[in-house]
Amino acid sequence: MKIAFFDSGIGGLSVLHHAMKLLPDEEFVFFADEDNVPYGTKPREMVMNFVDDVFRFLLTLDVKAIVVACNTATSVAVREMRRRYDLPIIGMEPAIKRAIDLYGDRRVLVTATPITINGEKIHSLIDRLGKRDIVDLLALPRLVDFAERQDFTSNAVTDYLREQFRPYCFEEYSSLVLGCTHFNYFKDTMRELLPDNVKFVDGNEGTLRELMRRLNLLPSNVTKNQKSKVEYYFSKRKVTSVEELHSINIYLDRLDKMFSI
């Protein structure tokens, strides 16, 4: 079964990476809209048009489901895409409920892009949970740019995060929610800046559970050398060059390192 994973950029590889571990027998398409990244700082109508254009292209590849591995695109467009297209569409949202379920009523810091932080979807979720008094929101737009440049541990990244984290007394927090798939690349850098009591929570596992439920899939046993079949696209251009495939492998190798943090 061919399953598409779509993100504004390279962040959605973190969701695909997890899927490749759980479902190595499936066929995957990964689409990064590199011509238009980042989505999180652009107007909502523009993002809606980008997402619809990507969906139209993915359907020409005969995919059986689309995972919108992008919190921003989910926030802006998934509801409308489900209205327009008749196939399973699985979106992502910041894993606020999971953080609260895991760690109780200590404070939670949710990091995401500006469009997600300011969107109705995330605020409605917090209101439904009745936890507005313990949930704080922080936009980290520059992390998307850093990730797209494969800059994960430089002084510039560390200085940016240190400055953004400065207002928070993290001894009061249970968790930091990674509400943008690009942020998964920075777990080690963040770990150096955060006390041990702050745990990372992301929406990847829940998104894949929903994908497997919708498609009646079960996790497979993975052999050490087994590799999933994946086609990569950068804004409708199939990735075939050695240089671009090497770059993707650098991201996947880093995700291997981040997986257990």
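Here, a contact means heavy atoms within 4.5 Å. Among contacts in the protein chain between residues at least 6 apart in sequence, 77% link residues at least 24 apart. This is a predicted model, where local features need pLDDT of at least 70, side-chain atom pairs count only at pLDDT 80 or more, and totals for chains, interfaces and linings use all residues. Residues are numbered from 1 along each chain as its sequence is written, and side-chain values use heavy atoms, with hydrogens and water left out.

**Overall build**
- You'll find 11 helices and 10 strands in the protein chain (DSSP runs: H or I of at least four residues for helices, E of at least two for strands, numbered from the N terminus).
- The radius of gyration, taken over C-alpha atoms, is 18 Å, close to the 18 Å that the globule rule gives for 261 residues, so the chain is as compact as a globular protein of that length. That rule is 2.2 Å times the number of residues to the power 0.38.
- The C-alpha trace spans about 50 × 40 × 35 Å along its principal axes.

**Burial**
- Of the 261 residues, 56% count as buried, meaning under 20% relative accessible area (1.4 Å probe, protein chains only).

**Strand E1**
- E1 runs parallel to strand E2 (residues 27-32), joined by 6 bridges; strands pair if DSSP finds at least two bridges between them.
- Opposite lysine 2 stands glutamate 27 in E2.

Terms used
Buried < 20%, exposed > 50% of the residue type's maximum accessible area, 1.4 Å probe, protein only.
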